[in-house]
Amino acid sequence: MMPSRTLVAVAAHADDFELNAAGYALRWIRDGGQVVIIMVTSNCSGPLLLPDATDGQAVRLPPDQTSAVRHCEQDAAAAHLGAKVIYLNYSQRHYWNGHRQVTVGFEMTEPAPPGIAGRLPLIQAFRNRQEVQKLSDLLRSLSPAEVLTQTVIDLDPEHHMVATMVWQAFMLEPALHDVPLRFWSPGSSAPDGMFDPNYDYIVDITDTYDTKVELCHLHASQMTPERLTMVRDHAEHWGRRIGVRYAEPFKTATLGRSYQLPT
């Protein structure tokens with residue numbers, strides 16, 4: 001049997017993967033591998049920078065419209081990369097109902113609007129054994145050579161939830177125990193190494209950096225000049241660590257064998 005050449009990236013939100021791991025993924029594809037992006041949330045939340053917005057101001061739209069914009073951008077970025085995207089569509093913990101921002105707790109507290117109805121919120125899914133099992137089964141079916149995902153030390157709660165969900169999925173499936181699981185950095189907002197967990201896998205992305213930036217640009221509704229500056233600063237910082245121009249850092253997980261996911 002030929003060894004797997006599939007790199008799987010599990011991301012909470014559209015642009016998380018591009019910001020933090022696209023340089024490595026581009027190298028992977030250049031070397032003959034394939035990339036699959038698992039997009040965990042429905043991307044139903046957050047302000048959008050739309051081309052026709054007055055004065056370049058961000059706007060908020062109902063969740064179904066927000067998801068449509070974000071997914072269109074994610075599809076375009078994946079096509080440019082040459083990757084496949086799988087959408088799990090768990091709803092985010094915040095959404096805009098047309099009048100105000102609504103926050104979802106461990107239980108929904110009001111009727112769900114279009115774009116939310118029928119979707120389990122991520123805040124429930126990441127601690128639900130059946131949902132974790134679904135992710136575990138999906139990962140196994142993809143036969144990954146490596147899996148990349150968010151980090152559990154991220155300040156963003158949904159980044160943390162996704163990292164925790166992936167970790168649990170690995171523990172449920174013995175076939176994944178020998179697959180390298182790597183957490184990317186807390187984000188482009190931490191160029192100085194905040195929460196540095198002693199990254200053990202820092203990848204030279206000098207040759208793929210420009211294309212990584214192109215992928216970030218395709219997430220136009222979120223990509224402000226400030227974010228692109230942080231992307232550059234982040235890549236330069238980690239590049240200096242290994243003596244190259246640009247790099248991306250990862251922390252490789254060490255899986256314990258005695259953990260039992262609560263029922």
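In the predicted model, strand S6 (residues 146-149) runs parallel to S7, and the two are joined by three bridges. Within this pair, Val147 sits opposite Leu181 of S7. Strand S7 spans residues 181-184 and also pairs with strand S9 (residues 247-252).

The S8 and S9 strands are antiparallel and share four bridges. Val203 stands opposite Glu248 of S9. These pairings belong to an open sheet of seven strands. The strand order is S3-S2-S1-S6-S7-S9-S8, and the pairing is mixed. Strand S3 (84-90) and strand S8 (201-204) form the edges, each pairing on one side only. From one strand to the next, the twist averages 25 degrees. In general, strands of a sheet pair through backbone hydrogen bonds, in either the parallel or the antiparallel sense.

Helix H7 (residues 225-242) lies across S8 and S9. The helix H7 runs at about 75 degrees to S9. Angles of 65 to 115 degrees count as roughly perpendicular.

A helix pair was examined next. Helix H2 (residues 63-81) packs against helix H6 (residues 209-217) at an angle of about 155 degrees. The axes of H2 and H6 are 9 Å apart. Angles over 145 degrees count as roughly antiparallel, so H2 and H6 are roughly antiparallel to each other. Their crossing is right-handed. On the H2 side, the contact is made by Ala77, His80 and Leu81. On the H6 side, Thr211, Glu214 and Leu215 take part.

Asp15 is located in the loop between strand S1 (6-11) and helix H1 (16-30). Its relative accessible area is 2%. The cut-off for a buried residue is under 20%, so Asp15 is buried. Beyond its neighbours within four places in sequence, Asp15 is in contact with Gln74, His219, Gln222, Met223 and Arg227.

Totals for the chain complete the description. The protein chain has seven helices and nine strands. Of its 263 residues, 52% are buried. The accessible surface of the chain comes to about 12000 Å². Carbon and sulfur atoms account for 52% of that surface. Contacts were also sorted by separation in sequence. Among those between residues at least 6 apart, 75% join residues at least 24 apart.

Terms used:
Residues are numbered from 1 along each chain as its sequence is written. This is a predicted model: local features need pLDDT of at least 70, side-chain atom pairs count only at pLDDT 80 or more; totals for chains, interfaces and linings use all residues. Side-chain values use heavy atoms; hydrogens and water are left out. Two strands pair if DSSP finds at least two bridges between them. Axes are lines fitted to C-alpha atoms, for helices over the stretch in contact, and angles run from 0 to 180 degrees between N-to-C directions. Contact means heavy atoms within 4.5 Å. Buried means under 20% relative accessible area, exposed over 50%, partly exposed in between (1.4 Å probe, protein chains only). Accessible areas come from the Shrake-Rupley method with a 1.4 Å probe; for residues, only the protein chains shown count as cover. Angles under 35 degrees count as roughly parallel, over 145 as roughly antiparallel, 65 to 115 as roughly perpendicular and the rest as oblique. A crossing is left-handed if the near helix is turned anticlockwise from the far one by less than a right angle, and right-handed if clockwise.
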